[in-house]
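Reader: Hello! Could you walk me through the charged side-chain pairs of this model?

Author: Gladly; let us take them one by one.

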Amino acid sequence: WANDPHVLAALDSSNRRFLDSRRREFFRKLFPQPLTTEINQSLNTEDARHTLVSAPAGGGKSGLIVQVIETLEDTGIPYLAVRLDRLDPTLRTTTQIGEKLDLPGSPVSLLGAIAQGRRALLVLDQLDAISLISGKNPELFDPVCDLLQEVTAFPEIRVVAACRAFDLDNDYRLKKLSANPMFVRRLLSPLPREYVLDR
C-alpha cells in the first residue's frame with residue numbers, strides 16, 4: 001500500500017472530500033484556534049495518548065479539525081479524516097468503513113502501512129454521531145471502537161476525535177470512552193472577543 005499509487009491517490013481523494021465537505025459549511029474564513037498548536041505539538045511527543053476535543057454544538061469543533069489537518073499538509077505526516085455522520089449505519093467492520101471511503105482495507109491498517117513506522121494521524125469527526133442519545137448512527141459504535149482497538153497495534157498512529165460535549169457527558173458509552181487513559185480530553189473554549197476583533 002505504501003508504494004501503490006492507486007492506494008495513495010484514493011487516500012488523498014478521501015481526505016480532499018472530507019476537507020471540501022467541511023469548508024463548504026463555513027460561513028467565512030476561520031479564525032485561528034490556539035488549540036490547534038497545542039494539538040499539533042502533542043503529535044510530536046512520545047506520549048502515546050490521543051486527543052478528544054469537546055465543545056457545545058456549534059462550538060467550532062469541525063473548524064478546529066480542519067485547521068489541524070491544514071497544518072499537517074506541509075509536514076508529510078499521512079492522515080485520514082473520517083466524518084462519522086456521513087457513514088452508512090449498516091457498516092459492521094473496520095474493513096467496511098475503509099471500503100465505504102473507497103479504500104482497500106481498514107483505515108488504521110492502511111495508515112500503518114503507509115506510515116511505515118513514522119507518525120500518522122486518524123481523525124474522527126462527529127464522534128457524537130454514534131451517541132445513543134442524539135446520534136444519527138449509534139449502530140456504528142462497535143466498529144468505531146474496533147478502529148480504536150486496531151490503533152493500539154500501531155504506536156506511531158495518533159487519533160484526534162471531536163465530539164459534542166453534551167453527548168460526551170451524558171451518553172454512558174461515550175463517557176466510558178472519554179475516561180479511557182488512552183485519551184486526553186481538550187475543551188474547545190469560545191475565542192475572546194478581543195481576539196476576534198483583532199482579526
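Author: A salt bridge here is a side-chain nitrogen of Lys or Arg within 4 Å of a carboxyl oxygen of Asp or Glu. The model is predicted, so local features need pLDDT of at least 70, side-chain atom pairs count only at pLDDT 80 or more, and totals for chains, interfaces and linings use all residues. Residues are numbered from 1 along each chain as its sequence is written, and side-chain values use heavy atoms, with hydrogens and water left out.

Reader: How far apart are the closest N and O atoms of Asp169 and Arg185?

Author: Helices (H or I, at least four residues) and strands (E, at least two) are DSSP runs, numbered from the N terminus. Asp169 lies in helix 7 and Arg185 in strand 5, so this pair ties together parts 16 residues apart in sequence. In their salt bridge, the closest N and O atoms are separated by 3.0 Å.

Reader: Is Arg186 buried or exposed?

Author: Buried means under 20% relative accessible area, exposed over 50%, and partly exposed in between (1.4 Å probe, protein chains only). Arg186 forms a salt bridge with Glu38, with 2.4 Å between the closest N and O atoms. Glu38 counts as partly exposed because its relative accessibility is 39%. At 15%, Arg186 counts as buried.

Reader: And how many salt bridges are there by this rule?

Author: Asp47 and Arg49 form one of them, at 3.3 Å between the closest N and O atoms. The count by this rule is 14.
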